[in-house]
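Below is a short note for a colleague who asked for comments on this structure.

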Amino acid sequence: MPRRPTVVRAGLLLALVTTMSACSGGGSGSVESGLGAKSVSLPAPALAGDTVQGGKAVLSDLRGSVVVVNFWATWCAPCRNEQPDLVQLANDYHDRGVRFLGVSERDDTAKARAWVKEFHVPYPSIVDEPGAWADDFAFFGLPDTYVIDRSGTIRWTVFGQTDATQLKQLIDRVLALPS
């Protein structure tokens with residue numbers, strides 16, 4: 001897999017350092033307060049790979065849409081807590097052109113496949129058993145969520161568990177940006 005330039009990793013790391021750490025507690029309910037929402041402006045890495053569902057997914061194929069990328073694992077309790085909200089929002093925003101893409105991070109693919117079935121996840125999740133994409137997105141822990149604009153720029157990061165209220169606000173802000 002190609003490595004992203006150091007400036008992308010450094011920029012995302014800076015966003016992490018100025019934000020709360022992941023894997024702690026519930027969503028914030030607002031964009032400006034609580035758990036880990038940070039406004040950024042960084043190019044999204046060239047995320048691509050085989051999916052838990054058996055196909056292939058390429059982030060750049062979704063250019064022109066607002067995209068929500070969520071890193072998760074079956075062994076992560078905050079990931080389990082936020083998954084129903086992610087499914088709800090993926091369904092609610094689909095007709096508005098928002099696409100979701102998961103990344104099953106450092107997890108067993110068979111367990112990830114059972115998770116996708118259990119939660120009725122309507123979007124693809126890239127298999128990343130070795131955790132190779134973590135470096136490219138420069139995140140600290142699971143779960144992490146990135147809201148990407150239509151041009152492929154990461155506009156929001158959420159380090160830690162999000163919820164429907166917080167993520168809806170972030171998506172709406174990115175949808176409101178000029179195309």
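Predicted model: local features only at pLDDT ≥ 70, side-chain atom pairs only at ≥ 80, totals over all residues.

1. Numbering starts from 1 along each chain as its sequence is written, and side-chain values use heavy atoms, with hydrogens and water left out.

2. The structure holds one disulfide (a pair of cysteine sulfur atoms within 2.5 Å). Cys-76 and Cys-79 form this link, with their sulfur atoms 2.5 Å apart. The link is right-handed, with 80 degrees about the S-S bond. Cys-76 is buried at a relative accessible area of 4%, and Cys-79 is buried at 1% (buried means under 20% relative accessible area, with a 1.4 Å probe and protein chains only).

3. The largest nonpolar core has 51 residues (buried Ala, Val, Leu, Ile, Met, Phe, Trp, Tyr and Cys joined through side-chain atoms within 4.5 Å). Leu-47, Val-69, Phe-71, Phe-100 and Leu-167 touch the most other members. Beyond four places in sequence, Phe-100 has contacts that include Val-68, Leu-86, Leu-89, Leu-167 and Ile-171 (contact means heavy atoms within 4.5 Å).

4. Helices H2 (residues 77–93) and H5 (residues 164–175) have axes that come within 10 Å and cross at roughly 35 degrees (helices are DSSP runs, H or I, of at least four residues, numbered from the N terminus; axes are lines fitted to C-alpha atoms over the stretch in contact, with angles from 0 to 180 degrees between N-to-C directions). Among the residues that meet are Leu-86 and Leu-89 in H2, and Leu-167 and Ile-171 in H5.

Key
Buried < 20%, exposed > 50% of the residue type's maximum accessible area, 1.4 Å probe, protein only. Helix = DSSP H or I, 4+ residues; strand = E, 2+ residues; numbered from the N terminus.
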